[in-house]
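Colleague: Please show me the model, and let us then discuss how its parts meet.

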Amino acid sequence: MAGSNTDGNVFTALCSLLHTDEIITPDSPDYLTSIQTWAAQKQSSPCLVIRPITIDALSKTLAHLYATNLDFAIYGHGFSSASAKDVVVNMSAFDNLHLDAQSESVIIGAGQTWADVYQKLSKVAPEYGIVGARTPCVGVAGTILSGGFSWLSSEYGCISDPVNMLDAKVVKYDGSAVWASAEPDLLWALRGGGGGFGVLVQVKLRLFPYPQRIWAGEILIPRERLEHVAEGIANFVAQPVDPKVTLFLYVVKGRLLQSIGTDSDMLVLHVFDAHGEEHGRTNFQWALNIPGAVDQTMITTLAGVANLKDKAHIVKGTMKQFCQPLLLREISQDTIINAIRWFEGIRNVDESIADCTYLIFELLSSRDPVGGISSCAWPRPSGTNHILLLGIGCPADAGPDKERRARDLAIQAPSMVSGDNAEIHVLPNGFEDYHDQTKIWGPHLAKLQSLRRQLDPRGRFKGAVEAMTDWA
């Protein structure tokens, strides 16, 4: 075994710090699932995967890795597409959950998926809710480091807001493990700072009583009813809406249809009303009444709502993907129609790219930071309540010309959908090298750059924000 910039002796020294069941090699049966990235172009096929099962093992190996010249990355569940040529540190063994009923909080392992968290929480605290990710197969750590949106975000804010993420345990570059509350700047940076400040191993989150008879699910509407859908959505979000109510609009084709649990090219509305069925049907009667609408809603729990999106992992690693995650102040009928026409126009450019492209409106999915913009690393703009996710891709085996075309379409997407003079705000998740860091972290960028230098003095971690000055 040989790395990209070292010889096998360095790998031998690294492996000596671990048990054999913490080491995964390219010929291991679980190698691919341990390294698979969402975006296929970012897969580096590492020479070695290590999966520490204790904080002590992680601390020793991280301190050792940091002192070498090995290229390494910290891997949760691949949706942030972290990879490296030499070593990937797979964090999935950190999957504990400890409930503190007295303080109404829970400590969870940061290496597990939100599906794991919801399932465990439903057993130990079935009447409680948690501000967790809407897509169940994504990892805890990556979600928090990029802010993190929930079905409950219009009511409670981002997952990483101080009112929700109370504390976090981090293993630092030198192997020391600390609760970030002992180092307030570190805890601040973890709240949407894009990573690169250490390795998140545990998170302490707030719990609260929450309704468990939620009306949720899909309403499928024929494509020819686009005008009705756009008008209905625009009218709906223009009025005051209860914070326990939210709405998605999916527009996908080709191989991505399976990822949202359907095989139809219809427009897909995903509704959520925590007040229950009667309240929900009243709120969304406008959608149910559109001719041709197919009602697939149900009564379920928070865990059940998450499971409605449990198929997103199906397409992981099958496409080269480029993302534009946008935060919007307003949603108009024209915005929706323009976005869908842009989406459908991609088929005229390249059908295989169109089959790997998605458009998702996540309406009423955000609110101003709980605690103010200074309380967390990502100072999301005031009054931006809606998310528009634009993902442009091509098959994983596509050549460089098609990959370049997909990337160019992603770069052009915001202006094509919203106009050249539109106010554009980009979310930290889905960060790419074509994004302007100042438009994401704004007034907090300089502090984050300084903290990267302090908490990653050799520039060995992979994070969205680079240090203020060149690393040594």
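**Domain interface and side-chain pairs**

Colleague: How many salt bridges does the rule find across the interface of domain 1 and domain 2?

Modeller: This is a predicted model, in which local features need pLDDT of at least 70 and side-chain atom pairs count only at pLDDT 80 or more, while totals for chains, interfaces and linings use all residues. Residues are numbered from 1 along each chain as its sequence is written, and side-chain values use heavy atoms, without hydrogens and water. A salt bridge requires a side-chain nitrogen of Lys or Arg within 4 Å of a carboxyl oxygen of Asp or Glu. Across the interface of domain 1 and domain 2, the number found is zero.

Colleague: Which helix gives the most to the side of domain 1 that touches domain 2?

Modeller: By class, that side of domain 1 has seven nonpolar, two polar and no charged residues (Ala, Val, Leu, Ile, Met, Phe, Trp, Tyr, Cys and Pro count as nonpolar, Asp, Glu, Lys and Arg as charged, the others, Gly among them, as polar). Helices are DSSP runs of H or I with at least four residues, and strands runs of E with at least two, numbered from the N terminus. With six residues, the helix that gives the most is H3 (residues 55-67).

Colleague: Why is the pair of tyrosine 66 and phenylalanine 461 called tilted?

Modeller: Rings of Phe, Tyr and Trp (its six-membered ring) pair if their centres lie within 6.5 Å; planes under 30 degrees apart count as stacked, over 60 as edge-to-face and the rest as tilted. The whole structure holds 17 aromatic pairs. For tyrosine 66 and phenylalanine 461, the centres are 5.6 Å apart, and the pair is tilted because the planes stand at 50°.

Colleague: How many residues apart are arginine 223 and glutamate 344?

Modeller: The side chains of these two residues, arginine 223 and glutamate 344, form a salt bridge at 2.4 Å, N to O. Arginine 223 lies in the loop between strand S12 (214-221) and helix H8 (226-238), and glutamate 344 in helix H12 (residues 333-349). The pair thus links distant parts of the chain, and the separation is 121 residues.
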